[in-house]
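Please look over the model below before reading the notes that follow.

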Amino acid sequence: ALPDPASLSLADRWIISRLHGVTADATRLMEDFQLGEAGRQLYEFVWSEFCDWYIEASKPRLNGGDPAAARATGQVLCHVLERALRLLHPYLPFVTEELWHHLPHGAEALIVAEWPTTSERDGAAEGQFGRIIDVVRAVRNARAEQKVEPARWITATIVAGDQVALFEEQRPVLASLARIDTSRLTIAAAAPA
């Protein structure tokens with residue numbers, strides 16, 4: 001079960017919303033027998049969104065010293081993984097069934113578990129976390145262009161315009177994902193003169 005919505009971070013709300021989106025899309029595609037496209041979207045969701053972005057974005061909360069926040073994010077991680085296994089089961093039945101038995105859930109076997117249902121998506125969370133992803137990609141691209149070694153923590157100034165509050169709130173996530181030293185991260189509304 002998911003935790004109280006008030007305890008969810010932006011990244012938590014984003015991945016739950018994306019899960020609802022991919023569930024609806026994959027269900028529709030499977031019903032229309034577009035199995036290859038459904039499989040492609042599920043693959044993209046699991047590897048690109050859940051593994052590449054959400055798991056990494058959840059690390060500051062999991063390791064941040066707030067047990068309630070860590071517990072809420074841990075519940076979201078389990079919920080999304082459990083739902084992803086249900087969605088992937090038609091494609092990878094043996095692998096998903098084995099992984100299923102290592103998760104806390106009510107059903108004995110994945111093959112008899114109900115197909116995931118969808119709920120309303122959180123467009124605001126998707127848009128806001130999308131901006132975080134865009135900034136992280138830009139920083140990563142700049143690091144690559146300047147040949148900065150991946151393990152090095154850097155100094156950065158982010159010009160956020162009217163999104164200063166969002167970026168300040170997401171400072172730990174930005175710093176972690178882009179390998180920016182938080183003490184040397186400046187978030188400003190306008191470029192320094």
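Predicted model: local features only at pLDDT ≥ 70, side-chain atom pairs only at ≥ 80, totals over all residues.

Residues are numbered from 1 along each chain as its sequence is written, and side-chain values use heavy atoms, with hydrogens and water left out.

**Overall build**

- The protein chain contains seven helices and two strands, which are DSSP runs numbered from the N terminus (helices are H or I with at least four residues, strands are E with at least two).
- Followed along the sequence, these elements give the pattern α-α-α-α-α-β-α-α-β, and the C-alpha atoms fill a box of roughly 60 × 35 × 30 Å along the principal axes.
- Of the 193 residues in the protein chain, 42% are buried, where buried means under 20% relative accessible area, exposed means over 50% and partly exposed lies in between (1.4 Å probe, protein chains only).
- Among contacts with a separation of 6 or more, 68% link residues 24 or more positions apart, a contact being heavy atoms within 4.5 Å.
- The protein chain carries 19 positive and 26 negative side chains, and the centres of the two sets are 8 Å apart; Lys and Arg count as positive and Asp and Glu as negative, while His and the chain ends are not counted, and each charge is placed at NZ of Lys, CZ of Arg, CG of Asp or CD of Glu.

**Helix H3**

- Helix H3 spans residues 67-88, and its 22 residues reach 31 Å from the first C-alpha to the last, close to the 32 Å expected at 1.5 Å a residue; that expected span is 1.5 Å times one less than the number of residues.

**Helix H4**

- Thr96 lies in helix H4, residues 93-100, and is buried because its relative accessibility is 1%.
- Leaving aside residues up to four places away in sequence, Thr96 touches Leu85, Leu88, His89 and Leu110.
- Glu98 is also placed in helix H4, and a polar contact of 3.4 Å joins its side chain to that of His102.
- Glu98 and Asp122 are 24 residues apart in sequence, and their C-alpha atoms are 32 Å apart in space.

**Helix H7**

- H7 is mostly covered, with six of its eight residues buried, namely Arg171, Val173, Leu174, Ala175, Leu177 and Ala178.
- The cover over these buried residues includes H2, helix H5 (123-145), strand S1 (154-159), helix H6 (164-169) and S2.

**Positive phi values**

- Most residues other than glycine have a negative phi.
- Phe33, with a positive phi near 60°, sits in the loop between helix H1 (10-31) and helix H2 (35-62), and counts as exposed because its relative accessibility is 71%.
- Arg179, with a positive phi near 55°, sits in the loop between helix H7 (171-178) and strand S2 (180-188), and is partly exposed because its relative accessible area is 28%.

Technical notes. Polar contact = N/O pair within 3.5 Å; in protein donor to acceptor, adjacent residues only side chain to side chain.
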